[in-house]
Amino acid sequence: MDLAADNTLSRRAALLGGLCLCCVPTRLRAEAADAPQPAAMIEVAPGIHVRQGLTEDATAGNFDAIANLGFIIGRDAVAVIDPGGSLHDGRSLRLAIRARTQLPIRYVVLSHVHPDHIFGAAAFKADAPTFVGHAELPQQLAARGVFYRDGLEKILGAGEVGDVVVPTMLVAKDKPTELDLGGRGLVLTAHRPAHTVSDLSVLDKQSGILFAGDLLFVGRTPSLDGDLKGWLKELAAMRDSSVRQAVPGHGPPLVRMQDAVASLERYFTVLRDETRAAIAKGTPIEDAATTLALSERSHWAMFDAYNGRNVIEAYRRLEWE
Amino acid sequence: MRRLLMVALLMIAGVTCAMAEDEIAEREARWRSVATDIFGERAIEDGSALLKLKVPEQAMNAALVPISVELIGDRPITTVSVVIDNNPMPLAGRFKLGPAFVRDDIKMRVRVNEYTLIHAVAETDDGKLYAVSHYIKAAGGCSAPDARASADVLARMGKMQLRRERSSDLAQVPTRLLISHPNYSGMQQNASGDYTPARYLERVSVSVGGAKVFDMEGGISLSEDPSIAFSYAPKGNGEVEVKVQDSSAAQFLQHFDALK
């Protein structure tokens, strides 16, 4: 056998295979993946199930399944805490629920306005749950919902992003609200501007575990879209609370509160102090975006994609403080 | 076999080139149409000997893209325009330069609504136009919701800051003017789901000791809380006056003491 000829052949096969992967089979792969599969859940405490999000940005291949999602099963009903980043993601979560319980899905909690947490909500409409959110969430959805849906549709394709679902039960700031799943109470707290202006957390009284939403990022670089100083205040309040364990919006399914808070406080303090110093010194925003908070780089995944944006966000606000 | 492969690869490469050519032709056609709207039928020559345009390849935040135009060489320039070709209102800023303007970078923060060429155009004192351009990948900057609750934006609307560097060269004061203004594009939805009507900076005039630094014509392509950096030469009593008028005919006036 001629080795050279063989090499040519395999190279051709490889090349053609490579070309095919680029064009034709994309559809096939997409179709095969079109049918949602039950999401992989981890039971972090009895009756509390968490799906860990991918450490990626939204792509057509991942259906925006990048946020941590969860559900809590009580005696009489189920509560979903963040329904997912797309219709597909929400359907996967729903299948995972139905693989474990046939109890009614009574509540779907939307932890904040960001697309990776809320666009799965439409997958639960047939269950007729009460959709719950921060008192500011309806206005935030009015201002951003269409913008987010259009942006996400460009990535995932038309029809893949669910409708914007507006919560009907609202939680006011400083007025924690309790939900009952039958012998299992959930305390919902609407926070002041921090990660966003619509952050809502959920405490499961039975386990003492807090669903922190994106008030906590673990491992993945946090994205700042609310109020840097406000977020630091909320973190301090969480540090001083009696809660020991939390489900972060991104990162492992269950983390120690103290560790998660400490890492974020360290990053945000560096970000705040270095941004203030840059403004005082007259460092232009474009230089600040690529030079500040770099001591944090080794601590966070996707740092290069998010830190510059965070600097710009912090800079534009702190220059008017 | 190898030849066949080569042919196949060349064909693929050919297709790619053709696509790129189409895209280049499209950008060129867009620029011609935008340039005609702004500058009429005047010829525009290559401006790389007069201008250097700095634009990020990819924006971190499409609603706040820092760009800079450096004025190089020594041919007298009377006007500098920044055009974002594919934005709904492409003219981001047109600076008519005055005697107190010092030839240096002009920096501004702009919105970019889709992948586009950005052009910087200089008019020289003989009335000729020269342009340079840079492509940027960014999208959604004009429709991105305003960053804060509208209540505080409106409360401090019209407030200004003048951040000046004390350099050793007393003839040149590097300055950044910050103007608190939502600069509503008309494409942003508000808390009731309606589109907030456009309300943007139409005119910004800066002078020092009675001598003009520049008059700028603005538009919706300026970011929220617009920021404009430039250098001026202290004239007269050195006091800086900034006059701003927005598209709702609101006027804002602020004086800043001479730099001591």
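This is a predicted model: local features need pLDDT of at least 70, side-chain atom pairs count only at pLDDT 80 or more; totals for chains, interfaces and linings use all residues.

Modeller: Chain A contains nine helices and 13 strands. Of its 321 residues, 49% are buried. Among the contacts in chain A with a separation of 6 or more, 67% are between residues 24 or more positions apart.

The part to examine is an open sheet of six strands in chain A, with mixed pairing and the order 8-9-10-11-12-13. Which strands stand at the edges of this sheet? They are strand 8 (177–180) and strand 13 (255–256) of chain A; each has a single partner strand, so one side of each is left without a neighbour in the sheet.

Let us begin at the edge formed by strand 8 of chain A. This strand runs antiparallel to strand 9 of chain A, residues 185–190, and four bridges join the two. Two of the residue pairs can be named. A:Glu178 has A:Val187 as its bridge partner, while A:Leu179 is partnered by A:Leu186. Strands 8 and 9 of chain A form a hairpin, with four residues between them. In the turn of this hairpin, A:Gly182 has a positive phi of about 90°.

The next step leads from strand 9 to strand 10 of chain A, residues 200–204; these two strands are also antiparallel, and five bridges join them. Here A:Thr189 has A:Ser201 in strand 10 as its bridge partner.

Leaving aside residues up to four places away in sequence, A:Val109 touches A:Leu188, A:Leu200 and A:Val202, among others.

The largest nonpolar core has 141 residues, and A:Val109 is one of five that touch the most other members, together with A:Ala79, A:Val80, A:Ala246 and A:Val311. Helix 7 of chain A, residues 257–281, supplies the largest share of this core, with eight residues. In soluble globular proteins, nonpolar side chains tend to be buried together.

Notes: Residues are numbered from 1 along each chain as its sequence is written. Chains are lettered from A and ligands numbered from 1 in the order in which they are written. A residue is buried if 20 or more other C-beta atoms lie within 10 Å of its own, exposed if 12 or fewer, and partly exposed in between; C-beta atoms are placed from the backbone. Two residues are in contact if their C-beta atoms, placed from the backbone, lie within 7 Å. Two strands pair if DSSP finds at least two bridges between them. A nonpolar core is a set of buried Ala, Val, Leu, Ile, Met, Phe, Trp, Tyr and Cys residues joined through C-beta atoms within 7 Å.
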